[in-house]
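Please keep the sequence and the model in view while reading.

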Amino acid sequence: MRTAFVNSFLQLAECGHNIHLLTADLGFKYFDPIRDKYPERFTNVGVAEANMIGIAAGMAMRGIRVFCYSIAPFVIFRTLDQIRADLCHMQLPVILVAAGGGLHYAREGMTHHAIEDIAIARALPGLTVLAPGDPLECEVLMKAAINLEGPCYLRLGGNNNPVVYGNSQRPKFGEISCLQSDGNVAIIANGEMLLRAKKAMELLKNEGIICRLYSIHTLKPIDHLTIEQIARECGCIVTVEEHNVINGIGTAITEILFLCGYRGKFQKFGIPDEYAKELGDKEWLRDHYGLGHERIAFEIKKLLDEQ
């Protein structure tokens with residue numbers, strides 16, 4: 001998705017948008033095309049994330065749409081006070097680009113993991129929260145983000161992510177995307193978990209269990225209407241996210257299901273309320289926490305078998 005981000009930035013610059021990219025000493029391999037073609041639109045502020053937010057706020061007050069890039073824990077945890085006071089309170093249109101959300105930087109340990117960022121971002125007044133699950137979603141959400149009146153948190157995964165959408169499907173900002181519409185079981189996922197949810201759906205299909213698949217790429221504002229429709233039409237709903245199970249998107253959906261009187265089965269798949277005690281690569285660590293597609297499929301079958 002990082003390549004999709006760079007390509008989208010270049011397209012926006014070519015279309016005449018007054019945009020600028022700030023980076024806190026990260027992403028150079030990916031950003032070489034921007035730096036080479038539009039050097040006046042690229043600034044490395046050094047390892048100074050809090051200062052980066054202040055610089056972005058000042059530029060935004062001059063009419064520039066600024067993207068602030070760093071890895072997820074650095075762009076939101078280290079800078080939280082500046083985001084609250086400089087961006088959210090002032091409602092300045094700055095896009096915070098968080099690379100490697102969730103457990104992407106698995107081997108680097110908990111300081112580089114971002115398992116609480118969505119909970120924090122969704123709680124900040126006026127902050128739009130986006131989590132694309134494939135390059136197409138990244139492109140669409142990037143174009144939407146530069147037209148927002150206030151700040152935005154754009155949570156990216158890694159790179160070389162495959163396109164999950166079918167040829168005739170296209171995401172829309174603010175709306176949950178339905179990628180598979182048949183079945184009484186709804187799987188709702190975001191970010192890199194969207195691909196794992198799709199693989200789990202395919203495994204279940206081979207066993208005669210037909211599931212719907214939804215991508216919830218816009219996390220705030222959340223699409224109440226589609227969630228209410230899912231609640232009316234499905235007897236089993238599961239959410240899959242690379243985030244703490246507390247106050248992630250599963251929790252947000254639970255609140256809506258409660259308000260609309262949902263009485264079916266529900267389960268959240270995510271990271272337990274702990275920091276990683278064991279380290280490995282990102283695929284191993286995700287599997288360790290039950291976020292592999294085979295484990296997700298197994299747990300859905302077990303949920304369906306419960307009386």
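Against which elements do the buried residues of H9 pack? They pack against strand S8 (185-189), strand S9 (211-215), S11 and H10, where contact means heavy atoms within 4.5 Å. The model is predicted, so local features need pLDDT of at least 70 and side-chain atom pairs count only at pLDDT 80 or more, while totals for chains, interfaces and linings use all residues. Residues are numbered from 1 along each chain as its sequence is written, and side-chain values use heavy atoms, with hydrogens and water left out. Helices (H or I, at least four residues) and strands (E, at least two) are DSSP runs, numbered from the N terminus.

**Helix H9**

- Thr-226, Ile-227, Ile-230 and Ala-231 are the buried residues of helix H9 (residues 224-233); buried means under 20% relative accessible area, exposed over 50%, and partly exposed in between (1.4 Å probe, protein chains only).

- Strand S11 (residues 236-244) pairs with strand S12 (residues 265-271) in the parallel sense, over six bridges; two strands pair if DSSP finds at least two bridges between them.
- Thr-239 has Lys-268 in S12 as its bridge partner.
- Together with helix H10 (residues 249-259), S11 and S12 make a right-handed β-α-β unit; right-handed means that, with the strands pointing away from the viewer, the path from the first strand over the helix to the second runs clockwise.

**Aromatic rings**

- Rings of Phe, Tyr and Trp (its six-membered ring) pair if their centres lie within 6.5 Å; planes under 30 degrees apart count as stacked, over 60 as edge-to-face and the rest as tilted.
- By this rule the count is six aromatic pairs.
- Phe-5 and Phe-67 form an edge-to-face pair, at 5.8 Å centre to centre with 70° between the planes.
- Phe-5 lies in helix H1 (residues 2-14) and Phe-67 in strand S3 (residues 65-71), so this pair ties together parts that are 62 residues apart in sequence.
- Phe-5 and Phe-67 are both buried.
- The rings of Phe-5 and Tyr-69 form a stacked pair, because their centres are 6.3 Å apart and their planes are at 25°.
- This pair links Phe-5 in helix H1 with Tyr-69 in strand S3, 64 residues apart.
- Tyr-69 counts as buried because its relative accessibility is 2%.
- Ring pairs join Phe-5, Phe-9, Phe-31, Phe-42, Phe-67 and Tyr-69 into a cluster.

**Charges over rings**

- The charged end of Arg-78 sits over the ring of Phe-74, 3.8 Å from its centre; the rule requires NZ of Lys or CZ of Arg within 6 Å of the ring centre and within 35 degrees of the ring normal.
- Arg-41 lies over the face of Tyr-38, 5.5 Å from the ring centre.

**Backbone features**

- Most residues other than glycine have a negative phi, and most peptide bonds are trans.
- The peptide bond from Lys-220 to Pro-221 is cis, with omega near 5°, and Pro-221 lies in the loop between strand S10 (218-220) and H9.
- Asp-25 has a positive phi, near 70°, and lies in the loop between strand S1 (19-23) and helix H2 (28-37).
- Asn-160 has a positive phi of about 60° and is exposed, with a relative accessible area of 71%.
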